[in-house]
Amino acid sequence: MSALQWGAPWGLALVPLVLLVWGLALRRTSPARRWALHLTALSAGLFALAAADPRVSLRRHRLAVIALVDRSASVASEGLDAEARALRDEARAQLRRDDLYGELDFAGDVATVRALGPIAHGLALERGAVDAQETDLAGAVVRAAGALPDDASGRLVVLTDGATTRGDLDEAVAHARALGVAVDVVPVAHRGDPALQLVALRMPARASERETIDLRVQTRARHRQRVRLAVRRDGREISQTETEVAAGDDLVALTDESPGPGLHRYEVSLEASQPGRDDTTADNRAESIVRVRGASAALVLEGDPGAAAPFAETLRRGGFEVTLGGPNDVPATLGALARYDLVVLSDIAARALSPEQMQGFAEYVQTLGGGLLLFGGDRSYGPGGYAQTPIESLSPVRFDLRQERRRASLSQAIVIDYSGSMAAMAGNATKLALADEAAIRSASLLGPDDRLGVAHVDVATAWTVPMGRVTSMAAVARRLRGVAMGGGGILVPVALRDGYAALRGERTDLRHLLLFADGADAEEMPGCEITAAAAHRAGITTSVVSLGFGSDTPALERLAAVGHGRFYLVEDAQRLPTVFSQETVLATRASISERSFRPTPSAADPLLRDVDWARAPSLHGHVVTLAQPRASVLLTGPDRDPILALWSRGLGHVGAFTSDAKNRWGRDWIAWPEAQRLWVSLARRLARRDDPLVRVDTRLRDQRLTVELSAVSADGRADLSRSLSVHLGSAHRPGATRDLAPTGGGRYEAELALDGEGAYTLTVRDNALGAVVATAGVVSPLGREHRVAPDLDALRRLSAATQGRFDPPRGTRFSPPTGPRRGAERLQPLATALGMVALLAAVALRRLRLTVWPRTSSAAPKRVPRGIQRLSRALNLSPTADTSPSPSPSTHGPARPPQRPIAPHEGVRAALARPSAALRPEHARAAAGPRPGAPRVQAPRPADTSLRAIVASRRKASSRDPSGQ
């Protein structure tokens, strides 16, 4: 390491430039100004050096120590607190004044208790909160080692029991060694084995339909006691058993008949029959996932209860295991969706789904390879409010009809209640903010011929977005997001009056008002129905959104009815964007077509090959959509609208049938045999299918999951030619993908790390085919902090590999470093300060005109600027610097005596020294010259050029003037 280093070497390029400018300026500068120039050049040079960020390497004996204290649930808190106090006492006694000390608490994460700083500043502590149910020692070591400075001998002192649940300790060791940080380990007491613990749930990873599944529950207890075991499958309790477990390890056997095909999650919980016989319940649960092979599992979700029963029965006859449900049966988590191979979403409005559920559908298709079939209806696609949602991104048809040629132009006024009740929070935003975001969503769905106005109303109306075309979405969003809260409650008559007034002057095909109000705070509702009815007669429709069911909700619903619009009751403000977008699409009246037609095949596909389309019955309506550019459109309708379209998204497949399969538009197709075969074939193409030639096994050890896959060819031989990858997904964490490496004999293997407890899904993909070939599930044990035993050998390896000490005796934990450590000291602040001093000195020399060089006389007088000449004449001074010849003596008096040339600045100083004399008339006459006959005044000797002599001679001449006083 060299003695001098440069943080920004490019700054050195400025030094030659400064020297060049200094040399050129030096040649043209008078000696009197050279000192100021030297100081200016010195200042510029110092600033150039500061820009290069110079650093000098110094040898230091300073010590920097960070204590890491394990605050996980597995550590006995009494012994830990005693060790932590003893450690701080040693720090006070042994560390020198300039040594650094810091302290961190760690468990599943890290919290700073004392920031690293000089020990002389004291040991003020700020306790932080950490996740005590996990222990990440490796993460804590990496973070602390990175916080140690380079110019001090770094050391970590770790207080832990050695029970870690996650993190790679080997990587932490390598990181500490690369930084030259020694790690001392002080082992502390482990909390000990719990009184009662459910160690593991062991069951097969695969089963056939209706097969008996054996569940083996491993327990551990200090004493023999009676316990209750409860078994839940897919969230519902299926059995409860009371039994007796022996002291130490024991095994309880349970059985269950495997349910239908798909992934199923089992959970077993353990509880002591007698109160007080268990000191903690965090380790009394265990879970496992089983994959039941058999017919594909399908979930059919229909908005109209019972309307999808004929379609569900068709799938059952086709070999599917079907679950029929409604909007309230939409799975809330990705894990619940994973058990199905196909999900059918039919005529359910977007507002019935939470944002998390919509995102769950996207992950189900893209990462788990599930199949999704979308059916039409007036609550699906665009009319259902799915525009700009994850469902539209999945669909092979898009719902944006802004460029649709059949679309009528629309003028829409959105009137938003921004009274005080809208300040309440809904999730992470206020109700008003969510309503404004909903209006932004509506604005984004309008076409070039549409017009929009957005008003906020409490007791008066404020037009945030005046009625007009939406030319800039950014401007609309900026205005709406900048609205401040109003007050009082919304005056509905004022809102209707101003909204209808803005719409009456519009000349678009359709005019529509959307009123958003609090269901419990809409004021002065009587008479509003008459106003809405009159507006409808004038061609303006009215829809109403009521936030929450309140005392004014019935009146708001009647207002929408007389206004020939739609009424929406929204309990969750987070779903307002889907409601507003649904209403905007419906207001255009171009999204639904209810004329009868016979679909026409538009592609040669095996799905359509055996269907006699000439005899196909008619469909009596469809949702107008536009095909995605890369989608395959198999059937078309009027104006070549897509009726059946398919495409792939991620690992899964999605189909869209824009008519329906129930007793409305598709009523004639329900009994048509060809349609039934079409539905079954379509469902089989979309559904996720496991490859029967592939088998997946998993092994979990210390949060490291090993995935083992065996593949055979059709003739039963080992298949060594496959390119396979596995995706690990979780409902609450981002997924990870690894390639499966062949290990011989048709076996493939990969290792993944589980980040925390809970259930995970495994999806195996054939990279060449782009298809899912196997799915499985695995559960990281719950309460792992109480299940992991201390690993003191790992702690010894940690200290030895970093040249630290294991269990150092008290009094030696903060011993001084064995040798000095070089550290870089930055010189930039010093160079900058010196440059400022030099610059101020140069400015002082220029401003104060401090003469540091003797003046030299010049034989030839210098030309004086005209401004100085005029000033001299005004003060009656003789600026003889003018080189023009002197005029001849005047006949009115004798010639003036010759005088020494007076420098302009000297004359000015003399005049300013005697201002009163310059203003008296007698002095003015004396200055004009002596009168005729007056004695001649002898001029000062030319050699006497001092200012005092000149002033004295002029005063003497004035005193001899006969006319003077």
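Predicted model: local features only at pLDDT ≥ 70, side-chain atom pairs only at ≥ 80, totals over all residues.
**Notebook: a sheet, a helix and some rings**

I started with an open sheet of eight strands, order 17-16-18-19-37-36-35-32, mixed pairing. Strands here are DSSP runs (E, at least two residues; helices are H or I, at least four), numbered from the N terminus, and two strands pair if DSSP finds at least two bridges between them. Strand 17 (321-325) and strand 32 are the edges, each with a single partner strand, so one side of each has no neighbour in the sheet.

Residues count from 1 along each chain as its sequence is written, and side-chain values use heavy atoms, with hydrogens and water left out.

Next I checked strands 35 (632-636) and 36 (642-649), which pair antiparallel over four bridges. Val633 has Ala645 in strand 36 as its bridge partner.

Then the rings: I found 13 aromatic pairs (Phe, Tyr or six-membered Trp rings, centres within 6.5 Å; planes under 30 degrees apart are stacked, over 60 edge-to-face, the rest tilted). Phe311 and Trp679 sit 6.1 Å apart centre to centre with planes at 75°, so I logged them as edge-to-face. Phe311 is in helix 6 (309-317) and Trp679 in helix 16 (673-686), so the pair ties together parts 368 residues apart in sequence. Both Phe311 and Trp679 are buried (under 20% relative accessible area; exposed is over 50%, partly exposed in between; 1.4 Å probe, protein chains only).

I also looked up Trp613 and Trp672, another edge-to-face pair at 6.0 Å and 70°. Trp613 is buried at 10%, as is Trp672 at 12%.
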